[in-house]
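I opened the model today and kept short notes on whatever I looked up. Here they are, in the order I made them.

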Amino acid sequence: MIWHTHSTASDGTDTPAELVRNAGAAGLDVVALTDHDTTRGHAEAVDGASHTEVTLVTGAELSCRLDGISMHMLAYLFDPEEPELLAERELVRDDRVPRAQGMVAKLQELGVPMTWEQVARIAGDGSVGRPHVASALVELGVVPTVNDAFTEDWLADGGRAYVPKHETDPFEAIRLVKAAGRA
């Protein structure tokens, strides 16, 4: 069985090297590193895997939307430097900061004493996202758990503090991944 995972390069809790080590310690044979819209953690994970018995499959979880429905597409073993797919991933990833800042602004308008600095600290070196804003809501005692932040009152799609993000058409994502396949 292959597990798809996220590291601190997006919204995971382990660095890419820790993730591979922990996968090996848990007895996994194969693990896929598929951070959201980025391959930034691949080099560290490849190096980490070289010190374990774990087989690493590289990829990314691409943010897509079709007919108003948001979805994630797992893409594996593509050339991470292929220009078209790289540009699209960067567009999606770079939209995360203004999106999260917009959520913070909406939460402040709702009376939540959250700051952008707090969310950025929680995100660390990873790509900022709703889970980091949700964690800030927990830190502030607004909600008891991260899951409780994903309601219409707060961060769920269409919620009071929700801000939409750029997402790729899934058919375009398939075309881009196919074109970025390894030769």
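I started with arginine 175, which is partly exposed, with a relative accessible area of 36%. Keep in mind that I am working on a predicted model.

Next I looked up the partner. Arginine 175 forms a salt bridge with glutamate 172, and I get 3D closeness of 2.8 Å between the closest N and O atoms. Both residues sit in helix H8 (residues 170–179), three residues apart, about one turn of the helix. Glutamate 172 has 31% relative accessibility, so I put it down as partly exposed; the cut-off for buried is under 20% and for exposed over 50%. I also noted that shared partners link the salt bridges of Glu84, Glu172 and Arg175 into one network.

How many salt bridges does the structure hold? I find six.

**Aspartate 37 and arginine 96**

I then checked the salt bridge of aspartate 37 with arginine 96, where the closest N and O atoms are 3.0 Å apart. Aspartate 37 is in the loop between strand E2 (30–33) and H2, while arginine 96 belongs to helix H4 (residues 96–109), so this pair ties together parts that are 59 residues apart in sequence.

Are these two buried or exposed? Aspartate 37 is buried, at a relative accessible area of 1%. Arginine 96 is buried too, at 10%.

**Glutamate 139 and arginine 121**

Another salt bridge joins the side chains of glutamate 139 and arginine 121, at 2.6 Å, N to O. I place glutamate 139 in helix H6 (residues 130–139) and arginine 121 in helix H5 (residues 116–123), so the pair ties together parts that are 18 residues apart in sequence. Glutamate 139 comes out partly exposed, with a relative accessible area of 44%. Arginine 121 has 52% relative accessibility and counts as exposed, because the line for exposed is drawn at over 50%.

**Helices H1 and H2**

Two packed helices are described by the angle between their axes and the distance between the axes, and I looked up both values. Helix H1 (residues 16–25) and helix H2 (residues 42–49) pack at about 35°, and their axes are 7 Å apart. Which residues make the contact? From H1 I list Pro16, Ala17 and Val20, and from H2 Glu44, Ala45, Gly48 and Ala49. The crossing of H1 past H2 is right-handed.

**Glycine 59**

I moved on to glycine 59, found in strand E3 (residues 55–66). Glycine 59 is buried, with 1% relative accessibility. What does glycine 59 touch, not counting residues up to four places away in sequence? My list has Leu33, Thr34, Asp35, Thr38, Thr39, His42, Ala75, Tyr76, Leu77 and Phe78.

Tyrosine 76 was on the contact list of glycine 59, so I followed it up. Tyrosine 76 lies in strand E4 (residues 69–76). With 34% relative accessibility, tyrosine 76 counts as partly exposed. Together with Leu74 and Leu77, Tyr76 makes a nonpolar surface patch of about 260 Å².

Key: Residues are numbered from 1 along each chain as its sequence is written. This is a predicted model: local features need pLDDT of at least 70, side-chain atom pairs count only at pLDDT 80 or more; totals for chains, interfaces and linings use all residues. Side-chain values use heavy atoms; hydrogens and water are left out. Patches are made of residues with over 30% relative accessible area and no salt bridge: like charges are joined within 9 Å, nonpolar side chains (Val, Leu, Ile, Met, Phe, Trp, Tyr) within 5 Å. Accessible areas come from the Shrake-Rupley method with a 1.4 Å probe; for residues, only the protein chains shown count as cover. A salt bridge is a side-chain nitrogen of Lys or Arg within 4 Å of a carboxyl oxygen of Asp or Glu. Helices (H or I, at least four residues) and strands (E, at least two) are DSSP runs, numbered from the N terminus. Buried means under 20% relative accessible area, exposed over 50%, partly exposed in between (1.4 Å probe, protein chains only). Axes are lines fitted to C-alpha atoms, for helices over the stretch in contact, and angles run from 0 to 180 degrees between N-to-C directions. A crossing is left-handed if the near helix is turned anticlockwise from the far one by less than a right angle, and right-handed if clockwise. Contact means heavy atoms within 4.5 Å.
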